[in-house]
Structures are given as structure tokens and as C-alpha cells.
Amino acid sequence: MTVNTEPQALISHLPKADGSATFSYAGYTVVGAVNGPIEVQRRDELPEEAAVDVIVRPAAGVGGTRERHLESLIQSTLRQIILVNNFPRTLIQVILQIIVAPENEYVNAKITQASSNLPILPALLQTAILSLLSSTLPLTATLTSTALAIVPDQGGSNIVLNPTAREVEQSQSFHVFAFTSHNELILAESEGSFTMKEWDDVYARAYSQCCPPALSSDNDDAMIDDQRSAGSDLRHFTRSTMEQKIVSDLYWK
Amino acid sequence: MATQPPLTLSSATFAKLSPHPYLLANLQPPDPSTPSSRTNGRQPHQARQPNINTSSLTHAHGSAVVRTGDTTVICGVRGETLLTTNIPNYRSADALNVAGLGASASLGNELRDYDLLVPNIELATGSAPNFLPGVPPTTLAQTLSTRLYSQLHSAGIVDVEGLRIYHTKEDDTLGDDAMEEDGIEEQGGKREVKAFWVLYIDVLFISFDGNPFDAAWAAVLAALRDTKIPQARWDVDQEIVLCSRDNPTPLKIRGLPVACTTAVFTAKERQKKGGGQFWMLVDPDRLEESLCDETVTVMVDRTGGETKILAISKSGGTTVGPELMRKLVSVAEERWNEFKAVLS
């Protein structure tokens, strides 16, 4: 199994959707499509804001209860970010199709699983954000999300960023955090057994990962070296991806 | 001439017409001498006192009714036997040991690999006005089932040892092809797992007034602690599992995790960027849940003396940061004491 360490994205590659993106990072690849604002079914219509509908489709099989769980988490998060009040009585539909998910080679994979699938949440959120940016819907903020695991390691324990499926299985606890571009915590999901102190440590690590200090032009090199050691700077990645897209779109001018 | 109707609204009408300002007016009374309280009369940090009744269902192996305020949940646990020969890709613990995988790593997953715990949540029609009859399970019901399932496994409260049905072979003349993998085993007795108990954990909401997860979790925990598994043995001649009614063994449950949900109510209905006044409403009811975007669920266990956190789930807003999270964990610790007193 090859795990690409650098995030990759393709923006606005689906011609029929209002916005679309393919995002791959840490072994996951997700295609996202956003349609909106579009007409909403009468029973889902909200008089003062847009209804946000998230559909998560697994790589194999049809969606089950765990996809509903992911959908409800992503829906409540995106609703805070999209300016839903600008589009009353409409629908904003976000479709996320999982293409590749890393497998644990040590166990037989089951297609239908009822347990929650938190490790994929960062990839889904990141794809949703890129798709929303591609659809040019007004947002209050973007977000960056990361997954961490506390893995036992010779007497002590170690915080592992973007853990593999095997590391998640062996971990004492597993955490997903998402931060807005205003450095606020918007989503936190933790499973396993841990103490408040461990949670604080993991939070600090996630914060430094998702909310890096802004890059200034004069000490670029030192900053980039720092981030290389800690993993990829997803916020910077989102920004540079969109900048590149805009530059290529405006080339004809 | 008919009398002029009064221009002021009764509080019930006010609540129906504009629920958000109604709750805000209660939390932020115009007269500073009256303490701020919620529409249900509770203080912001005050949770509803739980009431728990166990063993109320006669045909289940364990059951519990949990009531917190107007949220009432009934949970029944029923065990059914599952033969290992009926499990596709079944690998006995010995075979895994031979393959070089650690016993602890492989055994911990029997519950998950063979789906020995099957929780399901049903939100009964009529338990709340928004649950309509004849519709497929709602997103809420499916989300709750998933959360319950993953918490049951990640909290590790059920010991798989209690769910195994062993058979000790006396002689080796049995020549069963399923026993081939035992050939390498040296220890005497040849005790092997012939079947498992599968626990069907059904949760039904009789009445729904907010905070479904905490109540459902408490009901599942209470029902599992009440569960007694019948004595079962493997009958070699008939090749079936036989159970007896006498001396059922209580299921071994590790720890006592308790979930505590808090909703964040913001003064501004449309959440604007940055700050604003907010209230943490512990154990929200249905009205409060409909008005709050952000909810935080913390699951703690203090049976070992110090607080162990088993899950944190926060979504839907940006109010709660690490400082508030610490406060919510201490709220959950208080909640744990309340449940501990009722459960034991």
C-alpha cells in the first residue's frame, strides 16, 4: 500500500456540479461535489436559512448507519461555516464519495460495519471545504482537520499524527480535531481511554498542526522546515491550491 | 361589547411563537434579583435526576428502564448462541497464536469481528411529536445506534470471556475437521470455544424529551449489569448447545462509564463571528436541543479512583475550547456520582 505523504487536490474537475474537488492525503482519496443553492423539497425547507444536506458514500457497498453518523457530524460542522442565512429556503447539497481508504492488512476487512469510522473524517471535511470553495459559496471561514492517535510505546506513549489503520487499532485513544481558519475548535471527536492531561497534549499538537503561524516572507525557509517535520500544513495547502486554480482560470486576461 | 383581548402573551404562547427569545428571557431575567434559570426550571448546570429500574422484562436476560425527567428509555438484552462453525472466516484463538499474533491483540477483537454485541435503537412513534409513523429509521436513530455500537466496543465494558461457550474434549476419537487446528496445542484438556453468546441489545424510547444518548447509554449499561447468561454446554452427540435454567451466571461488566451531554445556547440566534454571551445547558431537553447548535458529550469513568475519559464528542459550533472542555469534564464527574448512586 502506498501512502502519499503530501496532500494532493484537483479542483472543479466535474463539469456538471457547481463545485467539486478530489482530495487525497494520508492514504485516503475522496471526491466531493457541491450543488447549491438549489431548490429544496418542501418538507426540508427552512424559512430563514439554507438547508445543508451531506451525503457520504463509501468506497464499497451502500451507505449504512456509520455513514449517517459521519453525515450528521459533517452537516453540523458545515452549517456553521456556510453563510446559510444568505440563501433562505434553498438547499446546499454536499456529496462525498470515498474512492480509496487505507486498509488494515492484519485483519479481514468487513464491508458492512456498524462502528463509527472516525479516521476518515479529516479527509471528508477537507474535501467538503475544497468543494465548497470551488462552488464559490460564501463561507465564514475555512477549516483544517487532523487525526491523531496515542499509541503505546515501550512503557510510555506516543502521539502519532495521521495514524495508519494498524496504529489506530493498537492505539489507546484516537482523536479527530477540526479548527476554523480563526483558530477556533469546531469539531472534536475522541475515542478510547485517556486522561484530561493526554487530551490537552493531543489538543496542543493538533492546534499546532492545524493553526500554524502565518508564513511571513523573510523567514520562509525556517518555517517550512519546521512544518516538514510535523506533517503537511493543510491550511497553507488549501490556500495555495485555490490560488493556483484562480491563477490558471484568469490566465486569459 | 366584547372586552379587549390583552396585548401581552401568555408564556406558553410566547414559547411557541419565538422559542429562542423565550429561553433567552428566562436565562437573562430583566430583574437581576431573580436567578437565571431555564424554561424547565432547572439551573444551567443542573441535570435531571435519573431513575433506574432493572429486571422489568420477563423474557429478556437483562433489562432496565431509565428515566431522566421526561425521557424514558427501556433496554432489553437477549442472548442467543452462535456456533463457531456458523461464523465465516472463524479463526480460533489458538490458530491466531500459532500465526504469531499476540493473544491480547487478537482476542480483544472477537466482540467486534464476530459482531457479538448488536445494539439497536428505536424511537417509538408518539414518544415525541416529530417522530412520524411508518417512516424508515431517522438519521437520529441511526446516528445513535452507531455511537452506541462504537462506544460499547471502545469502552470495553463487556468481557468476551463471559460470552464464550467452551467444550472440553475428553478423548481424541472425535475426529472432527473443525478441530484440526488444535493439533499443535500441548496443554491437557483441550478446551475449545464451540459457540458464542450474541447479545442483542434493544433500546426503545418510550418518551423522548431531549438528551437521547445519555439516557440510552445509561439504559444499556444498567441492562448489561443486570444480564444473567444461562449455563450452556456443548452436546457432543447432537452437536448443539444445550442451556439450563438453573444458576445463570451474571455477565461480567468492566467499569461504569457515564455519558454527560451539554448543549451550548448562544444569545444571538444567528451565530455571528466572535464572542457573544452563551450558556452551558447540561442535560438539555427537547426545546433546548432544538435551539442549540453545539453539543458536547463527555463519557467518564471514575471506578478506578481517578477520572478516565472514554469519549469526547463535540460538534456544531466554536464556543467550547479547551478551558470549557475541562469544566465540562468536571460536570461529567458530578454526573457520574449521580449515576453511581442510582446504579449500585
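Guide: A definition is needed before the sheets are discussed: two strands pair if DSSP finds at least two bridges between them. Please also bear in mind that this is a predicted model.

Visitor: In what order do the five strands of the open sheet in chain A stand?
Guide: The pairing in this five-strand sheet is mixed. β1 (8–11) and β4 (51–57) of chain A each have a single partner strand, so they stand at the edges, with one side of each left without a neighbour in the sheet. From one strand to the next the twist averages 15 degrees. The order in chain A is β1-β2-β3-β5-β4.

Visitor: Over how many bridges do β1(A) and β2(A) pair, and which residue stands opposite Leu10(A)?
Guide: β1(A) and β2(A), the latter spanning residues 19–25, pair in the antiparallel sense over four bridges. The residue in β2(A) that stands opposite Leu10(A) is Thr22(A).

Visitor: Which helix lies across β1 and β2 of chain A?
Guide: Helix α1 (residues 65–81) of chain A packs on the sheet by touching β4 and β5 (91–100) of chain A, and its direction makes about 145 degrees with that of β4(A). The helix across β1 and β2 of chain A runs at about 35 degrees to β1(A) and comprises residues 234–249; it is α6(A).

Visitor: Which strands stand at the edges of the eight-strand sheet?
Guide: This open sheet has antiparallel pairing and the order β7(A)-β6(A)-β8(A)-β9(A)-β12(B)-β11(B)-β9(B)-β10(B). Its neighbouring strands are turned by 20 degrees against each other on average, direction ignored. An edge strand has a single partner, so one side is left without a neighbour in the sheet; the two concerned are β7 (156–161) of chain A and β10 (278–282) of chain B.

Visitor: How many bridges join β9(A) to β12(B)?
Guide: These strands come from chain A and chain B, and they run antiparallel. Ala188(A) stands opposite Lys314(B) in β12(B). The number of bridges joining β9(A) to β12(B) is five.

Visitor: Within chain B, what is the bridge partner of Val264(B) in β11(B)?
Guide: Strand β9 (residues 258–266) and strand β11 (residues 294–301) of chain B run antiparallel and are joined by seven bridges. In β11(B), the partner of Val264(B) is Glu294(B).

Visitor: How much area do chain B and chain A bury between them?
Guide: The contact involves 37 residues of chain B and 38 residues of chain A. Of the buried area, 51% is on carbon and sulfur atoms. The total is about 3,200 Å².

Visitor: Which element of chain B gives the most to the side that touches chain A?
Guide: Across this interface there are eleven residue pairs in polar contact. On the chain B side, α5 (110–113), α6 (139–154), β12 (308–315) and α9 (322–343) each supply at least two residues. The greatest contribution, nine residues, is from α6(B).

Visitor: With which residues does Arg79(A) form salt bridges?
Guide: Two salt bridges are found across the interface of chain B and chain A. In one pair, the side chains of Arg79(A) and Asp293(B) meet at 2.6 Å, N to O. Glu49(A) lies in the loop between β3 (28–38) and β4 of chain A, and Arg79(A) in helix α1 of chain A, so their pair ties together parts that are 30 residues apart in sequence.

How values were computed:
Residues are numbered from 1 along each chain as its sequence is written. Chains are lettered from A and ligands numbered from 1 in the order in which they are written. This is a predicted model: local features need pLDDT of at least 70, side-chain atom pairs count only at pLDDT 80 or more; totals for chains, interfaces and linings use all residues. Side-chain values use heavy atoms; hydrogens and water are left out. Contact means heavy atoms within 4.5 Å. Buried area is the accessible area (1.4 Å probe) that two parts lose on being put together, summed over both. A salt bridge is a side-chain nitrogen of Lys or Arg within 4 Å of a carboxyl oxygen of Asp or Glu. A polar contact is a pair of N or O atoms within 3.5 Å; within protein, one must be able to donate a hydrogen and the other to accept it, and residues adjacent in sequence count only if both atoms are side-chain atoms. Axes are lines fitted to C-alpha atoms, for helices over the stretch in contact, and angles run from 0 to 180 degrees between N-to-C directions.
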